[in-house]
Each structure stands twice: as structure tokens, then as C-alpha cells.
Amino acid sequence: MASGYVIVLIPIAGLFVNVLVQVLGFKIFKKALLKSVFLGFSAGLLVILAPLLFFQAIDSREFISLTLANIIIYFCSGYCYFHFINLGVTARRIRLLWELYESKQGLLFEEITSRYNARYMVEARLARLINSGQVVSKNDKYFIGKPLMLCVTKIIIMMKVFVLGKKSEFD
Amino acid sequence: MKVLFIGLGLFFIAFLVHMVVWRIKIPKLQTNALLRIFSTTLTVAFLVLFFFGVFAAGSFFALRGFNEYMHIALMFIFLMLTYIITYSALEVDSPSLVILNTIAKTKDNGLDKNTLFTLMTDNLLVKPRLDDLIRDGFAYLNADKYVITKKGSLFVSIFILYRKLLGINKKGG
């Protein structure tokens with residue numbers, strides 16, 4: 001019975017190790033943010049898979065099914081953690097809230113856009129897309145480079161049409 | 001097999017309910033609605049599973065202990081969070097993806113930066129997000145000023161603290 005509770009705690013332990021290794025990897029070992037995320041995720045995954053080495057006495061079909069459940073939980077938790085980090089880096093609403101947080105008396109629309117505006121957003125995103133090779137610049141014009149993010153874009157548009165019945169929030 | 005089958009099955013049922021509701025009318029507060037649908041599905045399912053445990057102890061759906069309830073809940077909650085996070089990418093147009101789509105449409109002609117700046121303005125990229133913050137209770141309008149609420153302060157301070165923990169001083173966005 002106690003082993004039943006241990007199995008439930010494994011994905012939580014995996015997430016804890018994921019976060020710990022990611023933070024340490026970034027802060028102490030000075031890994032780039034994305035590399036630290038992969039490092040943390042890999043370390044946590046070892047925690048999830050380790051019981052497969054030790055609990056061989058347990059009915060294997062049930063144990064494999066529970067481990068599969070834990071793998072799904074862990075992948076989902078890793079995805080959520082990655083997006084938590086990503087929100088801090090790229091999300092507009094977080095940045096806008098941050099500006100309002102630092103100006104408790106409030107800000108006019110013009111005051112907000114003097115600190116954070118569309119031009120900044122486009123410049124920052126273009127820089128990221130060019131750095132990752134998704135966009136290339138030639139003769140002061142932009143072209144699609146590696147097609148990965150463009151494929152993701154098309155998939156998201158299809159999902160928008162399926163779930164929301166429209167391609168854009170402005171339709 | 002129980003945890004895997006019931007956990008995935010419950011998520012699938014909640015997703016179907018969500019699709020049916022969305023076909024009838026898309027709610028104004030979409031994330032709130034998703035949370036309600038998923039949490040109601042889990043609650044109702046656990047009541048049903050409890051009754052199976054009492055009246056049909058030998059059946060597949062009779063859970064053997066509290067640990068199985070916990071395991072199913074954990075799986076369902078993380079699947080739910082994964083879906084809601086992914087859904088937020090559907091709800092709003094990501095500027096990066098709009099940039100990519102706009103460049104792709106020009107094919108071999110390419111796109112110059114000034115065209116992007118003309119298309120992507122503050123009214124398109126900033127104003128709707130401020131409206132979202134007000135709609136979700138993270139900020140409010142006091143005369144013409146946008147002011148953060150307590151809920152907004154609590155929410156953003158998690159991200160600020162995390163970035164301080166990592167030693168990142170630069171604001172994102």
C-alpha cells in the first residue's frame with residue numbers, strides 16, 4: 001500500500017528535480033536558459049524512469065502502466081514549467097502587468113507605450129526569429145529561413161479554426 | 001491500467017464537454033470556463049467512482065485506495081493545465097506567429113521591416129492585451145489610467161521573483 005503512495009509521489013519528485021537542476025544549471029553553471037530547461041527536464045526524467053530498475057518484483061503489467069501514467073504526468077508538468085519560464089521571457093500581458101506593478105498609481109496608455117510598445121515587441125521577436133534561423137534577412141528584407149516555426153504557425157491556425165471557428169482573434 | 005485508462009478517459013470527456021459548450025456559445029471568460037468544465041468533470045467522476053467502490057466493489061471502476069484517486073487527479077490536473085496553456089496560444093494571436101505568417105505570404109519577394117511596423121501597431125498589439133487584463137481582473141481603469149489590482153500584483157510578482165531567483169534583471173516581452 002505504501003508503494004502505491006510512493007508511485008504517486010514520483011512525478012512530483014521528478015518535477016522538483018527538474019526545477020532544481022534547471023535553476024542551478026542556469027544560475028551556477030551559467031547554461032543558456034533553453035539548455036538549462038533541457039538539462040532540468042532530462043534530470044527529472046531519470047527520476048521518473050529510475051523505478052523501472054528497482055521495482056521488478058511488482059506485477060510488471062500494472063507497474064508499466066503506472067510508470068506510463070507517471071511519464072505522461074511528468075511530460076505535462078515539464079511542458080507547464082517550460083511555458084511558465086517562457087511567459088516571463090515573452091508574454092505581453094506579464095510585461096504590461098510588470099510596468100503597472102512598478103507604477104502603483106497607474107499609467108496612461110501613452111505612458112505604457114512609451115515604456116513597452118508594438119515596435120519593441122516586433123524588434124524583440126524579429127531578433128529571436130533571426131537568431132534561431134526561422135527568419136533570414138537579405139537586402140533589408142525578411143524571408144522565411146528554417147520552416148519549423150512556420151509549420152507550428154499553420155498547425156495553430158488549424159487548431160484555432162477547429163476550436164474557435166476563426167483564424168484570428170480579430171476576425 | 002486503471003489510473004491510465006480513467007485519467008485519460010476523464011480528460012477526453014472534459015474535452016468533449018468543452019467542445020460542445022464552445023459550439024453552443026464561446027464564453028467571454030474562456031479560461032475560467034475551461035477551469036469550471038474540467039473541475040466539474042473531475043468532481044462528478046470521483047463521485048461516480050466512489051459509488052462504484054461502494055456498490056460494485058469488484059468492478060474495474062472501483063478504485064482500491066486513496067492513492068489511486070490521487071494518481072488519477074494528478075494526471076487529470078496536469079493534462080488540464082497543459083491544455084489550458086496550449087489553449088491560450090489559440091485565444092490570442094502570437095506576434096511571432098503573425099510575423100512569420102506575414103513574411104511567408106510574401107514568398108520570394110520578402111518583407112521589409114517598415115511594412116511590419118505599419119501592420120503591427122500599438123492598437124493591435126498593446127490595447128487588446130490591456131483589455132484582457134481588465135477583463136480578467138488583473139487591472140482596472142481609473143479615469144484614463146490603468147491600475148494593477150491585488151490579484152494582478154500577486155500574479156506578476158511570481159514571475160518577478162522567479163526572474164530575480166535566476167538573476168535575470170531584464171524585463172521580458
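Phe11(B), Phe15(B), Trp22(B), Phe38(B), Phe76(B), Tyr83(B) and Tyr87(B) form one aromatic cluster. The model is predicted, so local features need pLDDT of at least 70 and side-chain atom pairs count only at pLDDT 80 or more, while totals for chains, interfaces and linings use all residues. Residues are numbered from 1 along each chain as its sequence is written, chains are lettered from A in the order in which they are written, and side-chain values use heavy atoms, without hydrogens and water.

Over all chains, the whole structure holds 22 aromatic pairs. Rings of Phe, Tyr and Trp (its six-membered ring) pair if their centres lie within 6.5 Å; planes under 30 degrees apart count as stacked, over 60 as edge-to-face and the rest as tilted.

Phe51(B) and Phe55(B) are a stacked pair, because their ring centres are 6.1 Å apart and their planes at 10°. Both residues belong to helix α2 (residues 30–55) of chain B and are four residues apart, about one turn of the helix; helices are DSSP runs (H or I, at least four residues), numbered from the N terminus. Phe60(B) and Phe61(B) have ring centres 5.3 Å apart and planes at 90°, so this pair is edge-to-face.

| Residue | Relative accessible area | Class |
|---|---|---|
| Phe51(B) | 46% | partly exposed |
| Phe55(B) | 69% | exposed |
| Phe60(B) | 37% | partly exposed |
| Phe61(B) | 33% | partly exposed |

Charges also sit over rings (NZ of Lys or CZ of Arg within 6 Å of the ring centre and within 35 degrees of the ring normal). Lys138(A) lies over the face of Phe143(A), 5.3 Å from the ring centre. In chain B, the charged end of Lys151(B) is over the ring of Phe138(B), 4.9 Å from its centre.

Key. Helix = DSSP H or I, 4+ residues; strand = E, 2+ residues; numbered from the N terminus. Buried < 20%, exposed > 50% of the residue type's maximum accessible area, 1.4 Å probe, protein only.
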